[in-house]
Amino acid sequence: IRAITDALNRAHSVRSGSSLYHPPSAYITTVLAPVGGAFEFADDCKVLAEMGIEFIRVAADLDERGQPIYNPPALAAAIKDVVQRHRYTRLGVTPQAEKAERLDA
């Protein structure tokens, strides 16, 4: 996350005055991780929260090697929830306006 933020902020630019100073949460609002995955839940949640980033665990299945992989319906539902919350809270789109958009389409 820090590498992405540095790249988008042009933190290592040699051009004077071209760097930006946006926090990680300006670029990444949510991290989705499969249950049982590589994230260390307590530590990673704390670090992400300090950056202003939400951490969501998503139901997982096991692949043929016993490694957790996203459960497709659970991942789709989690992404839909994140996008809807973003539309409602950050863009000010109400559920009623969203329904009207679908009816007009």
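Visitor: Which backbone oxygen lies 2.7 Å from a polar atom of the side chain of Tyr-70?

Guide: In this predicted model, that oxygen belongs to Leu-32.

Visitor: Where in the chain is Tyr-70 placed?

Guide: Tyr-70 is in strand E4, which covers residues 68–70.

Visitor: Is Tyr-70 buried, partly exposed or exposed?

Guide: The label follows from relative accessible area: under 20% is buried, over 50% is exposed, and partly exposed lies in between. Tyr-70 has 32% relative accessibility, so it counts as partly exposed.

Visitor: Which residues does Tyr-70 touch, leaving aside those up to four places away in sequence?

Guide: Leu-32, Ala-33 and Pro-34 are among them, as are Val-58, Ala-59, Ala-60, Asp-61 and Leu-75.

Visitor: How many of the 5 residues of E1 are buried?

Guide: The count is 4, and E1 is mostly covered.

Visitor: In which sense do E1 and E2 pair?

Guide: Strand pairing is read from the bridges between two strands. E1 and E2, the latter formed by residues 54–58, pair in the parallel sense over 5 bridges. As an example, Ala-33 has Arg-57 in E2 as its bridge partner.

Visitor: How should I think about the side chains along a strand?

Guide: In a regular strand they alternate between the two faces of the sheet.

Visitor: What does Thr-30 touch, not counting residues up to four places away in sequence?

Guide: Thr-30 touches Ile-53, Glu-54, Ile-56 and Val-82. The side chain of Thr-30 also makes a polar contact of 3.4 Å with that of Thr-29.

Visitor: How many helices and strands does the chain have, and in what order do the elements run?

Guide: There are 4 helices and 4 strands. Starting at the N terminus, the order is α-β-α-β-β-β-α-α.

Visitor: What share of the 105 residues counts as buried?

Guide: The share is 22%. The chain exposes about 7,500 Å², of which carbon and sulfur atoms supply 58%.

Methods:
Residues numbered from 1 in each chain as written. Predicted model: local features only at pLDDT ≥ 70, side-chain atom pairs only at ≥ 80, totals over all residues. Heavy atoms only, no water. Buried < 20%, exposed > 50% of the residue type's maximum accessible area, 1.4 Å probe, protein only. Areas by Shrake-Rupley, 256 points an atom, 1.4 Å probe, with all protein chains shown as cover. Contact = heavy atoms within 4.5 Å. Polar contact = N/O pair within 3.5 Å; in protein donor to acceptor, adjacent residues only side chain to side chain. Pairing = 2+ DSSP bridges.
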